[in-house]
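Have the coordinates open while you read.

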Amino acid sequence: MAELTQARAPSMSSAVARFDPLPVFIFAMFAAAPFLASTSGAEGYVLSLLTRVMIFGLAAMSLDLILGYGALVSFGHAAFFGIGAYTVGIMASHGVEDALIQVPVALAASAFFAAVTGAISLRTKGVYFIMITLAFAQMLYFLASSLAAYGGDDGLTLSTRSLVAGSDFLENDFALYGTTLACLLGAYMLSRSIVKSRFGRVLRGTKENTVRMEAIGFQPLPFQLTAYVISGMMAGLAGCLLANQAEFVSPAFMTWQRSGELIFMVVLGGLGSLHGAIIGAAVFLLLEEFLPEILHAASFFLNDELRSRLSENWQMVFGPILILIVLFARGGVLGFIRRGSHG
Amino acid sequence: MTATLFFIQALNGLQFGLILFLIAAGLTLVFGVMDFINLAHGVQYMVGAYLVAAFSAWTGSFGWGLLLALPTALAFGLLLEVLVFRHLYDRDHLEQVLATFGIILFLNQSVKFIWGAAPLSVPVPEVMSGSVEIMDGLLYPVYRMAIIAAGLVVAALLYLVVSHTRVGMLVRAGATNASMVSALGINIRRLFMIVFGFGAMLAGFAGAMVAPILSVQPGMGDNILILAFVVIVIGGIGSIRGAFLAALLIGLVDTLGRSFMPNLLRLVLDPSAASQTGRAIAPMLIYIFMAAVLFFRPSGLFPAKR
């Protein structure tokens, strides 16, 4: 055991001592963006796009907490998105429109779902874990599709955004942006301190070698389950925000493809770094938004009809990009930056 | 009346289960032998359906369409293996999930690009267009009977190949312990390529068979892929026998659940509540079933790995 702690000590201390300016830069950019947006002329569009980026960043970061630090590949994380969004939608349709009630209920519901499904899923390992988390998410997806009273397949349109203590300031896009940023920052700081704590170190230990952790006296299950619940609650919060941003909830929020996208965001940004997931979400959503136009501009040598067909079918380019990133860009965007800075 | 309905739904469930088995068989072997998660298996099913639609429109006959579609599906599977999958065997599950997810995006959009987003329909072959009276007052479409028959024949053939031939023995050995098979001098990569190609062809065959009774559209493989995963996880990864039993179970539970759940609940709830909860619970049944199986047997009913 002495050997183990000694072997770990250098990497631990260097991780704590080295100050990483990147997260500060990311949050500074998010904070500055609204001021830049108001000069761009398409303020509403930029704000709503960036709000979405932060919401997905929050969800992806919550996934990174269990995926990057606990090696728990949850293929059903979109379910928590759905729980958060549907809590807001269903409560609003019954006249409970205050976020101060909605959000705690959504967090409690997410925590409950995570605790129950986590307790079952964590009994399994590897591929079985991937599949069982997927199965639970599919269950919720079908449940939401069959809720005829709340729109069924078509989803549910919110008449208004949530109130906060009776005031409707979230109707303002800037206020929603600011609230989302505050949530993201709060969740980031919380996650960062979790990762640094003893709890986080045990979690990372279970990722690297479960048997060894058991041998030195830690039962992995309670740690993994706690992490799973915390992660689910954060994604549930993201769901509440998404419902407010879109003013709409639908079962499409929790399709398995959405869960796949969340995993992709985490890997794209760089696994196990928290802010990498935010970068990944940003790159993913911006690519999704602008790839059609990029393709259109890049294919200037083709005739008009082919150009428009190409930009319409941007996913034909997006899919191979995904494969290439997996095959060749290990460590995602962060890995790329790191390699760059080390020459 | 209810007995007739029950019988018809049971046949539908059997037919659905056999289709699921055709898809799950390839998936479970690929999973079992190479420990490889292939999300793109569902698009092979879609490709099979599109190929048969294209070829039968071209030749004017479903039979010829099917005959041409099968080798094309096989070739397509092998092409994907060479281009993408073989570079992923040594990667972890996460990367496999992502890369094959990329293939899904690409192929779903590609079929939209080639054939358009509107669903295609494939006519039921002339000779099988009627219905046959199985019992008193019980008519069942001939074509669906043909699917059941084809599914059973393929399952029997697969059983013979897997349990009574040399290749089958290697596949079973590979699913139990791939590195040991490799150490004994077997080219496991080539074995895997064969398994992969035939798995893709079986999925394509399933897609081709259902093309006349379902609409052929982009994304049609996405949901059935998830069901196939449920099947192989319940059955135990790498086990053909497990996949067969689990596929039939899932087919029956899903089909019967959807048609009888509301009626069953009427025994305990009032009619409107029963039909609502029934419709909500029915699609969730198989997932509840899967969770229950994994709770008691975390590696499925018939785990191949030891």
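Let's start with a salt bridge inside chain A: the side chains of Arg161(A) and Asp173(A) meet at 3.0 Å, N to O. The term here means a side-chain nitrogen of Lys or Arg within 4 Å of a carboxyl oxygen of Asp or Glu. Arg161(A) sits in the loop between β1 (156–157) and α7 (173–196) of chain A and Asp173(A) in helix α7, so the pair ties together parts that are 12 residues apart in sequence.

This is a predicted model, where local features need pLDDT of at least 70 and side-chain atom pairs count only at pLDDT 80 or more, while totals for chains, interfaces and linings use all residues. Residues are numbered from 1 along each chain as its sequence is written, chains are lettered from A in the order in which they are written, and side-chain values use heavy atoms, with hydrogens and water left out.

**Salt bridges and polar contacts**
- Over all chains, the whole structure has seven salt bridges.
- Across the interface of chain B and chain A, the rule finds zero of them.
- That interface does have four residue pairs in polar contact, both at pLDDT 80 or more.
- A polar contact is a pair of N or O atoms within 3.5 Å; within protein, one must be able to donate a hydrogen and the other to accept it, and residues adjacent in sequence count only if both atoms are side-chain atoms.

**The interface**
- Chain B puts 44 residues into the contact and chain A 40 residues, with contact meaning heavy atoms within 4.5 Å.
- Together the two chains bury about 4000 Å², 78% of it on carbon and sulfur atoms; buried area is the accessible area (1.4 Å probe) that two parts lose on being put together, summed over both.
- In chain B, Leu94(B), Leu98(B) and Phe113(B) lose the most area to chain A, together 16% of what that side buries.

**Who supplies chain B's side**
- α4 (93–115), α9 (220–235), α11 (271–281) and α12 (285–296) of chain B each supply at least two residues; helices are DSSP runs (H or I, at least four residues) and strands are too (E, at least two), numbered from the N terminus.
- α4(B) gives the most, with 15 residues.
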